[in-house]
Amino acid sequence: MKKYWQLLVMGLVIVATISVHYIQVANATKLESDFSFEKISGDEKYLDPLVIEANYYNNYDYSTVLFSKDKTTKVERSFYQQVPFKFQKLVDNHKSFMRGKAYNVNNFYEDEAQLIYVKEPDQILSLGKDDKITYIIDVLNKKDNTSDEFPVQLELNKNFDWNSINNVAVVNNELKLITTNVQHNGIQEMHLVQIDLNKQQLLSDTILNSTSDDEITRKSIGFYNDYYNLAQEKYAVYTINTYDTKVEEHKYISQQHNVLNIETNELMPIDLPTGIVGNIQSGIVDNGYFVISNIEDTDMVLYRYNIAQQQWLEPVSLPMPFKTLEKTLNFAQAMNGKLYTMNEVEKGYLLQIIAIEEGKLVYSGLIPKNADTQNYHISVNSIYEKSE
């Protein structure tokens with residue numbers, strides 16, 4: 001009899017577990033039909049290929065969701081098995097090569113012939129001046145699906161606490177790394193490291209910029225290149241920020257913007273438009289343009305710098321069709337000559353797509369809030385184009 005009751009209890013537990021699972025699935029399915037874009041202006045062809053990855057949360061649910069033109073899909077994923085969507089295609093196509101690699105766009109380079117991953121040094125904290133740090137370069141030949149890994153050593157010129165890779169590019173079979181070394185007091189060095197891929201050896205390690213501190217000011221180096229995709233840009237835009245250490249909110253004293261031509265290694269300064277210093281809500285590099293987009297009063301204002309011509313184009317003001325709930329831009333991403341912005345407005349969430357070179361709004365659409373969906377929030381992570 002005891003054994004019978006044990007079996008009965010086990011059966012009830014299994015039934016309850018299955019019931020809970022299907023209730024969760026039902027809730028997830030319900031989410032898919034709750035949201036879609038309502039066109040405000042422009043051509044929906046610009047919306048058709050897009051998938052928007054976002055965090056969705058309300059009073060009782062926190063989920064990763066995918067927005068597309070007609071529906072929103074809740075993503076069911078184990079925390080420990082999660083692969084960022086930007087890397088899913090690489091993992092699907094190159095499982096063996098991608099195994100064990102960090103999902104950091106800055107460490108990858110890809111073209112039609114090869115996929116390259118650069119692992120930064122992990123022992124830098126224990127080393128000092130005149131010691132050597134080691135980068136590991138892993139190159140996948142897509143044609144025959146073979147990979148070759150080799151180390152490259154660089155000599156430290158002073159003590160550093162950590163190292164990061166800001167950009168990986170290949171020009172004429174030379175691997176170029178833009179890296180940053182940081183000391184414990186925050187002082188930074190920006191390096192350009194050049195490696196011969198054929199001979200698998202270091203060509204040069206050049207310090208492009210460094211910062212210094214005093215009792216009044218502190219400096220830092222920041223990058224503006226868009227890290228939402230693996231495409232290589234011809235230019236890298238960065239800034240050296242100087243701010244007052246005695247002001248709690250780090251008031252900017254100055255910002256010196258620079259652009260590095262990755263193909264030629266040429267460094268050029270960028271002078272910002274009047275009134276923009278310390279007030280860049282979003283700065284992105286795409287297709288030879290450095291684009292600043294800010295919410296100003298009731299408009300979104302675009303400032304576009306043509307890097308090759310070294311000149312600012314006329315600012316473009318795009319009136320917001322609804323009142324924004326925040327005074328700053330919520331989300332911006334550039335891809336293939338288009339700027340995508342997402343802002344919370346009084347009516348819901350507003351997606352705007354702007355052709356950068358023309359400075360023209362080509363699509364505007366709203367995910368509306370209604371009486372049933374007032375208490376939710378969307379935070380966009382990335383925007384992708386669907387794979388063919």
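This is a predicted model: local features need pLDDT of at least 70, side-chain atom pairs count only at pLDDT 80 or more; totals for chains, interfaces and linings use all residues.
Reader: Is strand β6 largely enclosed by the rest of the structure or largely open, and how many of its residues are buried?

Author: Buried here means under 20% relative accessible area. Strand β6 spans residues 114–119, and it is largely enclosed by the rest of the structure because the buried residues among its six number five.

Reader: Which residue of β7 is the bridge partner of I116?

Author: Strand β6 is joined to strand β7 (residues 132–141) by six bridges, and the two run antiparallel. Within this pairing, I116 has as its partner in β7 the residue V139.

Reader: What is the order of the strands in the five-stranded open sheet?

Author: The edge strands are β1 (38–42) and β22, each of which pairs on one side only. β1 pairs with β25 in the antiparallel sense over four bridges, and K39 stands opposite G365 in β25. The pairing in the sheet is antiparallel, and the order is β1-β25-β24-β23-β22.

Reader: By what angle does the twist average from one strand to the next in the open sheet of four strands?

Author: This sheet has the order β4-β3-β2-β26 with antiparallel pairing, and its edge strands are β4 (72–75) and β26. From one strand to the next, the twist averages 30°.

Reader: Which helix packs on this sheet?

Author: The sheet includes β2 and β3, which pair in the antiparallel sense over six bridges, with I52 having F67 as its bridge partner in β3. The helix in question touches β2, β3, β4 and β26, and its direction makes about 40° with that of β26. It comprises residues 85–93 and is helix α2.

Reader: How many residues are in the largest nonpolar core?

Author: Those that touch the most other members are F37, F67, M342, L351, I367, V380 and I383. Strands that each supply at least two residues of this core include β2 (50–58), β3 (62–67), β25 (360–368) and β26 (376–385). L351 touches, among others, F37, I52, M342 and I383, not counting residues up to four places away in sequence. The number of residues in this core is 24.

Reader: How many residues are in the second, separate core?

Author: This core includes I124, F150, V170 and L197. Its number of residues is 21.

Methods. Residues are numbered from 1 along each chain as its sequence is written. Side-chain values use heavy atoms; hydrogens and water are left out. Buried means under 20% relative accessible area, exposed over 50%, partly exposed in between (1.4 Å probe, protein chains only). Two strands pair if DSSP finds at least two bridges between them. A nonpolar core is a set of buried Ala, Val, Leu, Ile, Met, Phe, Trp, Tyr and Cys residues joined through side-chain atoms within 4.5 Å. Contact means heavy atoms within 4.5 Å. Axes are lines fitted to C-alpha atoms, for helices over the stretch in contact, and angles run from 0 to 180 degrees between N-to-C directions.
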